Amino acid sequence: MADHPDRETLRRFVAGEQSAGEARQTDQHLSCCTECRDHADAISARLTIRLLDSWFCPSYDEAFESAAERVVDRLAGMAEDPRSTEGLLAELLREPVSGRHRRIRTEEKFNSLKLCQLLQARSREAWFSAPATALDMADLAVEVTQYLDSGRYGSSLVEDARALAWSYLGNAFRISSDYWRADQALQQAWSHHVLAGEDAFTEAELLTFTSSLRRCQTRYREALQLSDRAIALYREGQDSHREGGALILQGLALGQEGRPREAIPVLRAGLERIDPQRDLRLVLAGSHNLIWCIAQDGKPGEAQNLLERNRHLRQGLGSMDLARVQWLEGKIDNELGRSAEAKAALHGAREFFLDLQLGSEVVLTSLDLAGVYAANREPGEAKAILGESIPLAEALGLSREVLRARLLYEKA
């Protein structure tokens with residue numbers, strides 16, 4: 001919210017009458033603007049005083065106490081100190097895994113919207129470095145939302161928080177190659193989104209996560225349709241950075257569908273919109289997707305040069321990012337006819353993915369590696385890798401990869 005909210009906006013926030021999107025914007029502004037928070041306090045005081053006019057009503061005491069509690073709780077929630085939320089999270093994470101959900105269920109102090117948002121932020125931070133941690137954080141965020149008080153935050157904001165928490169859980173399942181659970185979680189997210197009043201920001205997030213899942217499921221037409229809708233929403237909301245992220249995901253879907261020439265301009269457009277200060281990792285992902293599509297389009301030399309120019313982006317990368325870089329290097333080496341270098345890079349990437357238990361990446365890297373062995377007339381090595389990969393691909397429901405692996409096995 002660029003400007004200060006007016007008096008009517010603050011009144012509707014205190015009274016719990018705003019939509020989820022409006023309440024989130026107002027809450028974010030009040031968390032850093034003491035002047036507007038003072039205005040909100042004054043409005044809540046006047047609302048409390050007006051309740052005195054109804055004291056002749058026989059049920060006055062009960063009505064007054066209930067309304068006053070709602071006002072106080074709402075202001076307390078809006079003014080939560082981020083440092084205290086960090087302390088809550090630290091306290092929660094000191095518990096063994098089995099005890100965390102119990103404490104959320106039994107201790108009201110953990111029923112905090114700010115705690116839920118912090119857990120989602122931690123989940124996002126771990127997507128590309130520690131998938132298991134991302135899953136744990138998203139799971140705890142979902143648990144917290146089940147106990148959020150609608151009287152304190154408003155029903156729309158609570159349902160919107162549930163939609164976002166379930167969407168983060170769905171994306172964490174997708175990253176971990178558990179596509180069935182990812183689908184179930186995203187269905188829950190869409191259900192809560194409808195109950196929340198269908199906030200545009202949340203819808204764009206859900207469209208992006210669902211598009212990513214459809215791409216992993218090789219349902220490319222659906223993935224592209226969903227990403228089109230997300231791009232339109234971000235463009236309408238003038239969020240250039242998130243629009244860029246959605247364009248990068250769309251370009252990746254086009255590339256994986258075998259349309260690299262169409263993907264290249266989409267990826268370039270996405271990179272132009274990304275703010276590196278907000279998410280350098282997204283710049284890395286977009287750059288590597290672009291390099292991969294250039295290589296797929298029959299220009300491995302150009303891809304190699306671009307890869308070298310982007311080497312500075314790799315500083316501080318986690319294991320997953322490094323594995324994907326190594327995978328990309330192996331694919332380019334293979335296109336350039338450097339089979340020994342390609343095998344070494346793909347073996348290294350495969351080991352990384354195995355350690356991280358990323359099933360779909362293990363399958364895809366194994367297929368690439370088996371293809372290199374088969375092309376170099378080393379059928380024994382190719383069949384050994386494919387023999388390990390086919391059952392895993394079948395278990396993950398990767399039907400397209402299963403077919404590709406079986407054809408490669410017969411050819412080898």
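Analyst: Happy to! Some background first: 50% of the 412 residues in the protein are buried, and this is a predicted model. The fold has 22 helices and zero strands. Among contacts between residues at least 6 apart in sequence, 63% join residues at least 24 apart.

Now to the pair itself, helix α8 (residues 131-145) and helix α10 (residues 155-175). Their axes lie 8 Å apart, and the packing angle is about 160°. Angles over 145 degrees count as roughly antiparallel, so α8 is roughly antiparallel to α10. The crossing of these two helices is left-handed.

Who makes the contact? On the α8 side the residues are Pro-131, Ala-134, Leu-135, Ala-138, Asp-139, Ala-141, Val-142 and Thr-145. From α10 come Val-158, Ala-161, Arg-162, Ala-165, Trp-166, Tyr-168, Leu-169, Ala-172, Phe-173 and Ile-175. By type, the contact of α8 with α10 has 15 nonpolar residues, one polar and two charged.

A second pair is handy to set beside this one. Helix α13 (residues 220-236) and helix α14 (residues 240-256) cross at roughly 165°, and their axes come within 9 Å. These helices, too, are therefore roughly antiparallel to each other, and α13 passes α14 in a left-handed crossing. Residues meeting there include Leu-224, Asp-228 and Ile-231 in α13, and Arg-242, Ala-246 and Leu-247 in α14. The contact of α13 with α14 divides into eight nonpolar residues, three polar and four charged.

Methods. Residues are numbered from 1 along each chain as its sequence is written. This is a predicted model: local features need pLDDT of at least 70, side-chain atom pairs count only at pLDDT 80 or more; totals for chains, interfaces and linings use all residues. Side-chain values use heavy atoms; hydrogens and water are left out. Helices (H or I, at least four residues) and strands (E, at least two) are DSSP runs, numbered from the N terminus. Buried means under 20% relative accessible area, exposed over 50%, partly exposed in between (1.4 Å probe, protein chains only). Contact means heavy atoms within 4.5 Å. Axes are lines fitted to C-alpha atoms, for helices over the stretch in contact, and angles run from 0 to 180 degrees between N-to-C directions. Angles under 35 degrees count as roughly parallel, over 145 as roughly antiparallel, 65 to 115 as roughly perpendicular and the rest as oblique. A crossing is left-handed if the near helix is turned anticlockwise from the far one by less than a right angle, and right-handed if clockwise. Ala, Val, Leu, Ile, Met, Phe, Trp, Tyr, Cys and Pro count as nonpolar, Asp, Glu, Lys and Arg as charged, and the others, Gly among them, as polar.
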